[in-house]
Amino acid sequence: MVGIVIIIIFILAGIFTGLNVAIPYSYSQYIAVAILACLDSVFGAFSANIEKKFSLTIFLSGFFGNALISIFLVYIGSKLNVDIYLAVVIVFTGRLLNNFTAIRRDFISKIDNKVNKKESNKKETKTKKAKVN
Amino acid sequence: MPKEVDKKEEINKTNDKAFVKKLKVIKEKVFTFCKNNLVLPYTIIGITLFFLSLLLAAQMKSMSESESVLQGKRESELADELVTLQRKYNDLKNSYDENVKVVEEYQTNSATNNELISSMKTQINNLSALAGTTDLKGEGIIITLNDGTALADDTVRADTLVHDSDILTVVNELKAAGAEAISVNGQRIITTSAIRCVGPVIQVNYQKIAAPFEIKAIGNAQYLESAMTIKNGVVDLLSEYGVQVTVTRQSDIVVGKYEGTLSFKNAIVPEDDE
């Protein structure tokens, strides 16, 4: 609970400061790519947490490293007149969706397990009652 | 007396010790709380999410502010260029209108009989006469050049045609003889005029003209005529080639003004150091 509160406080602070920051239009492409990279690593962290492989250093390095490298690639693409940002967007959105499917599957399987347990409990009680009767 | 002082000091010391102990206990409690609730890793994750949400909010805000019509960097650059060009165009048009008004004022304000204005007006007239932006009249000569018919023997047909170089030499000779205003088929020869060959026709002032060519020149008619018809002069040379040349003196010739806009793009009048 404490962790979630801390995270929510940080996110709210980020949104508040972000609303007071103006990004020039010519940099918006770089920022968009960086956002995608960061979102990808956050979702990656969730899916890694499900498999119990989450490590803070890997998360941090991925978060900042991916963002910086993708910005660098987009910059090189603009210099070479190649739309590399398209490739970056495709790769990161693909990874994002993969991570999301992993999270979704885990979540649904957990719910299914709970439902099954309840049903089995009910059946057991029913059978017990029947035996008693 | 000294005993009491010692007691007080002891009390103070004990109080300090108790305070330090309390602090230590609180510190330990905080540390254990942090360790149990994983505060450090969560704050690190929180800081990263802080950056993410900052970028997201800033991007969304700046995107909603910018016009939705302009999508993509290149289009936006083009739009900027368009706007700047339109602004430049408007500025130039305004300055042009102002200048035209000023010129009109100079020209029409003669009613005030101001000496300055009248002197300026004469200056403008002189300058425009020199520049070729007004009609001029005076004594001079008219030279007509026409393609000659092919001679009986097999001289080359091309020689009998009037070439751009022929007109150029005639104009050059006229200038050398003191002609003050020259026109070729109505095209006034000014400082920027070029005479050149463009396929079957000749271009003067970027206007196409064709034979017969009528070259009007204002100046001392006698000098001009003699400069043309001097032995081994231009007329002799051209008629030798088979070009039909006629030179007529007239006491009243009208040379038309230059039709077009005159403006220098690169040449600048240097400012005086006075």
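How many bridges join strand β2 of chain B to β3(B)? In this predicted model, 2 bridges join β2(B), residues 181-184, to β3(B). The two strands run antiparallel. Within this pair, B:Ser183 stands opposite B:Arg188 of β3(B). The strands form a hairpin with 2 residues between them. In that hairpin, B:Asn185 takes a positive phi near 50°. Most residues other than glycine have a negative phi.

Strand β2(B) also pairs with β7(B), residues 213-218. Here 4 bridges join the strands, and again the direction is antiparallel. B:Ser183 takes part in this pairing as well, standing opposite B:Lys216 in β7(B). The side chains of β2(B) were then examined. B:Ala181 and B:Ser183 point one way from the strand. B:Ile182 and B:Val184 point the other way. All four are buried.

The helices of chain B were considered next. Helix α8(B) spans residues 234-241. Its buried residues include B:Val234, B:Val235 and B:Leu238. They lie on the same side of α8(B), because they cover an arc of only 90° around the axis. The spacing can be understood from helix geometry. An α-helix has 3.6 residues a turn, so residues three or four places apart point the same way. After α8(B) comes B:Gly242, with a positive phi near 110°.

Helix α4(B) covers residues 115-131 and holds B:Ser128. B:Ser128 has a relative accessible area of 12%, so this residue counts as buried, the cut-off being under 20%. Apart from neighbours within four places in sequence, B:Ser128 is in contact with B:Thr133 and B:Thr134.

In chain B, 72% of them join residues at least 24 apart. The chain exposes about 20200 Å², and carbon and sulfur atoms supply 55% of that area.

Chain A contains 4 helices and 0 strands. Along the sequence its pattern reads α-α-α-α. Buried residues make up 24% of its 133 residues. Among its contacts with a separation of 6 or more, 73% involve residues 24 or more positions apart. Chain A exposes about 9400 Å², with 69% of this supplied by carbon and sulfur atoms.

Part of the surface of chain A is a nonpolar patch. The patch is formed by A:Met1, A:Ile4, A:Val5, A:Ile8, A:Ile9, A:Leu12, A:Ile15 and A:Leu19. Together these residues have about 790 Å² of accessible area. One of them, A:Val5, is found in helix α1(A), residues 2-19. A:Val5 has a relative accessible area of 42%, so this residue is partly exposed. That value falls between the cut-offs for buried, under 20%, and exposed, over 50%.

Two loops of chain A hold residues with positive phi. A:Lys52 is found between α2(A), residues 28-50, and α3(A), residues 56-80. Its phi is near 60°, a positive value in a residue other than glycine. At 76% relative accessibility, A:Lys52 counts as exposed. A:Asn81 lies in the loop between α3(A) and α4(A), the latter spanning residues 84-132. The phi of A:Asn81 is also positive, near 60°. A:Asn81 is exposed as well, with a relative accessible area of 58%.

Key:
Residues are numbered from 1 along each chain as its sequence is written. Chains are lettered from A and ligands numbered from 1 in the order in which they are written. This is a predicted model: local features need pLDDT of at least 70, side-chain atom pairs count only at pLDDT 80 or more; totals for chains, interfaces and linings use all residues. Side-chain values use heavy atoms; hydrogens and water are left out. Patches are made of residues with over 30% relative accessible area and no salt bridge: like charges are joined within 9 Å, nonpolar side chains (Val, Leu, Ile, Met, Phe, Trp, Tyr) within 5 Å. Accessible areas come from the Shrake-Rupley method with a 1.4 Å probe; for residues, only the protein chains shown count as cover. A salt bridge is a side-chain nitrogen of Lys or Arg within 4 Å of a carboxyl oxygen of Asp or Glu. Buried means under 20% relative accessible area, exposed over 50%, partly exposed in between (1.4 Å probe, protein chains only). Two strands pair if DSSP finds at least two bridges between them. The arc is that of the directions from the helix axis to the C-beta atoms. Contact means heavy atoms within 4.5 Å.
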